[in-house]
Amino acid sequence: MNNITGYLINAHERKHERVEFKPKLENYYEMLKCECIDIITRKIGNKAFDIIVDDEGLFVQDPIQSGLTFSKKEVVEQLVGNLLVVGKADCEGKEQSLTDEDVELIRQNVRIYVTKEEELFVKRPVLFLSI
């Protein structure tokens, strides 16, 4: 199994970056720091991507917002916890690698928000998506 390129929104460590990894379930758990994942398809700009999310992210105390999905300028969905963006799966269900252009598109759609946590102001990356 070959490595693929993805883009990690690490809400817990407040960073976002291109990552190389083997597309295996154990690696998704490790990168997302979770025990249960879901894979959703959303658009970034005008292109659809698969986004691997922590399926139990809303069940933790004080979930950390990491993605917003818009429809006609209104927020229709919030994603929480770490996110891993990859290319849409092929007909066999295998996640695909991002191109350099995909990585740049994703990077351009990450906004840095300042939030207040325990009397401190911190910067967090938030990915803008659409349906």
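Is E92 buried or exposed? E92 is exposed, with a relative accessible area of 59% (buried is under 20%, exposed over 50%, partly exposed in between; 1.4 Å probe, protein chains only).

The model is predicted: local features need pLDDT of at least 70, side-chain atom pairs count only at pLDDT 80 or more, and totals for chains, interfaces and linings use all residues. Residues are numbered from 1 along each chain as its sequence is written, and side-chain values use heavy atoms, without hydrogens and water.

**View 1. E92 pairs with K94.** Their side chains form a salt bridge at 3.4 Å, N to O. The term means a side-chain nitrogen of Lys or Arg within 4 Å of a carboxyl oxygen of Asp or Glu. The count comes to 8 salt bridges.

**View 2. R18 forms a salt bridge with D100.** The closest N and O atoms are 2.9 Å apart. R18 lies in strand 2 (residues 15–21) and D100 in helix 2 (residues 100–108), so the pair ties together parts 82 residues apart in sequence. Helices (H or I, at least four residues) and strands (E, at least two) are DSSP runs, numbered from the N terminus. R18 is partly exposed, at 36% relative accessible area.

**View 3. E77 forms a salt bridge with R42.** Again the closest N and O atoms are 2.9 Å apart. E77 is in strand 6 (residues 74–80) and R42 in strand 3 (residues 37–44), 35 residues apart. E77 is partly exposed at 22% relative accessibility. R42 is buried, with 17% relative accessible area.

**View 4. Salt bridges link E13, K15 and E17 in a network.**
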